[in-house]
Amino acid sequence: MWSALFHLRSSQYAPRCVQRRFAGSELVSAGGLRQGSIFLHKGIYCEVRSSRPAGHGRSGTGGYEVKFRELLTRKAREVRMKDSETVTVVECDRAEMPVLYKDEAAGRLVLADADFNELEVSLAQLGEAADALQSGAKVSVLTHEGRVVKVVPPPEVAEALKIEYRRTRRQELAARQLARHGSQATKDNEGRRAE
């Protein structure tokens with residue numbers, strides 16, 4: 001009977017226990033920053049790329065070396081934080097919005113929210129993905145306290161950019177390797193032909 005009563009009460013209150021995450025913020029120590037966390041640094045929204053303990057062995061003074069990207073300008077930054085230093089980590093609301101049009105002259109992307117109100121965001125927030133976006137594409141917009149924090153391109157655009165980046169990086173590395181070892185490799189080949 002007790003288990004039946006518990007089941008009845010738990011199912012009665014189950015819909016109220018389901019929590020939906022809304023935008024908020026919390027203070028976290030520097031060691032609590034994880035890859036992908038969005039935090040405020042000098043009033044600018046930033047996303048953590050990596051965080052690792054700073055220093056070597058006993059000589060290490062403690063602290064963390066945090067690499068991050070400023071979300072508004074897409075600039076990569078690096079900072080060293082003490083263990084005791086706290087930062088404000090934000091939880092953002094996410095909304096899917098269609099792209100109405102792209103105004104490249106003004107450097108902005110115009111989106112439509114759920115009520116079909118226009119929302120303008122800077123093309124700089126998208127980086128290289130801005131060139132690949134077309135009208136009608138759906139982007140994810142992360143907001144915190146009514147401000148646009150981050151604009152995430154559709155997965156297919158992000159994947160295409162990642163593949164293109166890897167291809168160009170491979171070509172750069174191959175060219176660099178050829179420049180370093182190419183003269184040595186050609187001498188080796190000439191030596192083998194002579195034999």
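## Terms and basis

Two strands are said to pair if DSSP finds at least two bridges between them. Strands (E, at least two residues) and helices (H or I, at least four) are DSSP runs, and they are numbered from the N terminus. By this rule, E4 and E5 pair in the antiparallel sense, over 6 bridges.

The model is predicted, so that local features need pLDDT of at least 70 and side-chain atom pairs count only at pLDDT 80 or more, while totals for chains, interfaces and linings use all residues. Residues are numbered from 1 along each chain as its sequence is written, and side-chain values use heavy atoms, with hydrogens and water left out.

## Confidence

The pLDDT is the predictor's confidence in each residue, on a scale from 0 to 100. For the protein chain its mean is 79, and 79% of the residues reach 70 or more. Over residues 1–20, however, the pLDDT is below 50, and beyond near neighbours in sequence this stretch has 0 contacts in the model, where contact means heavy atoms within 4.5 Å. Where pLDDT is low, the predicted coordinates should not be read in detail.

Strands of a sheet pair through backbone hydrogen bonds, either parallel or antiparallel. Here 6 strands form an open sheet in the order E1-E6-E2-E3-E4-E5, and the pairing is antiparallel. Strand E1 (24–29) and strand E5 (76–81) each have a single partner strand and stand at the edges, so one side of each is left without a neighbour in the sheet. On average, and with direction ignored, neighbouring strands of this sheet are turned by 40° against each other; axes are lines fitted to C-alpha atoms, for helices over the stretch in contact, and angles run from 0 to 180 degrees between N-to-C directions.

Within this sheet, strand E2 (residues 38–41) pairs with strand E6 (residues 86–91) over 3 bridges, and Phe39 stands opposite Val89 in E6. E3 is joined to strand E4 (residues 64–70) by 7 bridges, where the bridge partner of Ser51 is Val66 in E4. Between E4 and E5, Glu65 stands opposite Arg80 in E5, and in the hairpin of these two strands, with 5 residues between them, Arg74 takes a positive phi near 65°.

## The sheet of five strands

A further open sheet has 5 strands in the order E9-E8-E7-E10-E11, with antiparallel pairing. Its edge strands are strand E9 (118–122) and E11, each of which pairs on one side only, and the twist averages 45° from one strand to the next.

Strand E10 (residues 138–144) and E11 pair over 5 bridges; Ser140 stands opposite Val152 in E11, and Val141 has Val151 as its bridge partner in E11. E10 and E11 form a hairpin with 2 residues between them, and Glu145 in the turn has a positive phi of about 50°.

## The largest pocket

On a 1 Å grid over the protein atoms alone, a cavity is a set of points where a 1.4 Å probe fits but cannot get out, whereas a pocket is an open set with protein on both sides within 12 Å along at least five of seven lines, and lining residues have an atom within 4 Å of a point. Grid points are joined across faces, edges and corners, and a volume is the space filled by probe spheres set on the points. The largest pocket has a volume of about 890 Å³.

The lining of the largest pocket has 22 residues, of which Arg69, Arg74, Lys150, Ala158 and Lys162 lie nearest its centre. Strand E3 (44–53), strand E11 (147–152) and helix H3 (155–194) are the elements that give two or more residues to this lining, and H3 gives the largest share, 6 residues.
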